[in-house]
Amino acid sequence: LFAGTLFGLIQLSAMGGRIFWGYVADRYFSKNRWWPLAATNLLAVGAFALLISLDPGSRWWVLAAVMILIGISGGSSWVVLSTLVGDVVGIASISMASATIFFSTNIADVFGPIIFSRVHQEVGNYQTAVGLFTSLAALTTLIFIGMALRWQRRKSLTNPSSG
């Protein structure tokens with residue numbers, strides 16, 4: 001029951017996070033949405049790092065705070081990703097590109113827990129298994145930052161007056 005409540009807390013905070021990140025991406029990063037995507041990913045890495053560091057006897061509210069952080073970061077990031085798809089592929093291909101993103105994330109939703117369970121069995125330690133997945137998220141964050149810098153550079157080369 002408690003685990004289900006925490007999962008619900010992730011989903012609830014993700015709803016608000018999607019509105020927040022959608023506003024931030026449109027209002028402040030409409031020319032380069034890679035930055036808020038990198039930010040949501042970085043926050044998710046931080047949330048999982050906190051989760052790894054928790055002791056088994058941690059207070060319930062600390063765990064709840066980490067779940068909220070997961071919701072407003074990783075649980076919310078797809079709203080920025082979906083918008084970014086439109087920025088990258090253009091309006092003529094947005095439906096197919098969005099469908100590809102949702103198809104890929106649904107596959108990850110199904111196979112992620114299976115892969116995590118297998119990794120957990122192999123390493124025999126929950127913190128180590130989560131740490132491996134967190135390392136992948138950290139690598140992804142670096143890739144998103146690289147893409148943000150590349151996008152920014154590309155835009156400044158095509159429009160030098162935009163600075």
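## How α1 meets α4

Helices α1 and α4 pack with their axes 8 Å apart and at an angle of about 35°. Axes here are lines fitted to C-alpha atoms, for helices over the stretch in contact, and angles run from 0 to 180 degrees between N-to-C directions. Helices themselves are DSSP runs (H or I, at least four residues), numbered from the N terminus. This is a predicted model, where local features need pLDDT of at least 70 and side-chain atom pairs count only at pLDDT 80 or more, while totals for chains, interfaces and linings use all residues. Residues are numbered from 1 along each chain as its sequence is written, and side-chain values use heavy atoms, with hydrogens and water left out.

On the α1 side, R18, W21, G22, A25 and D26 make the contact, and α4 brings W78, V79, V80 and T83. Contact just means heavy atoms within 4.5 Å.

Take a look at R33, in the loop between α1 and α2. R33 counts as buried because its relative accessibility is 9%, and buried means under 20% relative accessible area (exposed is over 50%, partly exposed in between, with a 1.4 Å probe and protein chains only). Skipping neighbours within four places in sequence, R33 touches A25, D26, V80, T83, L84 and D87. From C-alpha to C-alpha, R33 and V85 are 9.6 Å apart in space, yet 52 residues apart in sequence.

N32 sits in the loop between α1 and α2 too. N32 is buried, with a relative accessible area of 8%. Not counting residues up to four places away in sequence, N32 is in contact with A148, W151 and Q152.

## α2 and its partners

Next up is α2, which has 20 residues and reaches 29 Å from its first C-alpha to its last, close to the 28 Å expected at 1.5 Å a residue. That expected span is 1.5 Å times one less than the number of residues. Among the buried residues of α2 are W34, L37, A44 and L51. The buried residues of α2 pack against α1 (2-28), α3, α4 (77-89) and α6 (126-158).

The axes of α2 (residues 34-53) and α3 (residues 60-72) come within 9 Å and cross at roughly 160°. α2 passes α3 in a left-handed crossing.

Methods
Helices (H or I, at least four residues) and strands (E, at least two) are DSSP runs, numbered from the N terminus. A crossing is left-handed if the near helix is turned anticlockwise from the far one by less than a right angle, and right-handed if clockwise.
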